Amino acid sequence: MGIQTWFIFLGVAAMTLIVWDGRRRKGRRRAADAGSSTELAAPLPVVQANQQAAVPVSEPTDGAVRAEVRRTVVPHVEEGSRIGMATRVLGNLIAREPVVIKGSIEGAVIAQDHHVMVTMSGRVSSHLEGREVSVDGQVAGVVKAGDKLTLLSRARVEGSLAAERLECLAGAHIRGEVAALGLSGGATLVACAQAEPGLP
């Protein structure tokens, strides 16, 4: 047997394993989705895994203090839509599920009741809207979060931002207006006229 035959054999074996693993994962996902759909009639909100369980403390008559621990159940949350690094979208994206953007979108991204994440390699121009929005890439235009907007350390945002809560980590660059949705008249909280050095 020549070396070419061995390479062909190894390639076929690798492809067989990849196909088998994909079918196995797909079967598990279907079983998990079927199990969760029979138990849950309505979609549940995303629950953070790091939330602490409630610990009510009661003091019985004998003087001993007892604590009752309730466990927090984290529901199964669908993965949602993912825009890959090599993908460029020209047009609007309206989703009824969470969205992760690693590529480029020239148009509006709207997922009003879900989480939208723009990763370090992601770029969005025009409009970005979600219940919770996290930005670690570049956004130009309007950014609107119904609940919370998080700007991570590599975020580069140019335009107007509106959210009930804003979290901005050190290193994020903002050029534009920041307004709170909860204030009457959309009062401006911060107005930045000068761009930080290095802002694209």
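Hi everyone, let me start with a term: a residue counts as buried when its relative accessible area is under 20%, as exposed when that area is over 50%, and as partly exposed in between, using a 1.4 Å probe and protein chains only. By that cut-off, 26% of the 200 residues in the protein chain are buried.

A quick word on the source: this is a predicted model, where local features need pLDDT of at least 70, side-chain atom pairs count only at pLDDT 80 or more, and totals for chains, interfaces and linings use all residues. Residues are numbered from 1 along each chain as its sequence is written, and side-chain values use heavy atoms, leaving out hydrogens and water.

Now the overall layout. The protein chain has one helix and twelve strands; these are DSSP runs numbered from the N terminus, with helices being H or I of at least four residues and strands E of at least two.

What does UniProt say about residues 6–22? The unreviewed entry annotates them as a "transmembrane region", though such annotations may be inferred rather than shown by experiment. In the model, that span is 100% helix and 0% strand, with its end C-alpha atoms 24 Å apart.

On contacts, meaning heavy atoms within 4.5 Å: among those between residues at least 6 apart in sequence, 9% join residues at least 24 apart.

Finally, have a look at Threonine 119, in the loop between β7 (104–118) and β8 (123–135). Is Threonine 119 buried or exposed? Threonine 119 is buried, because its relative accessible area is 16%. Leaving aside residues up to four places away in sequence, Threonine 119 touches Val100, Ile101, Lys102, Asp136 and Gly137.
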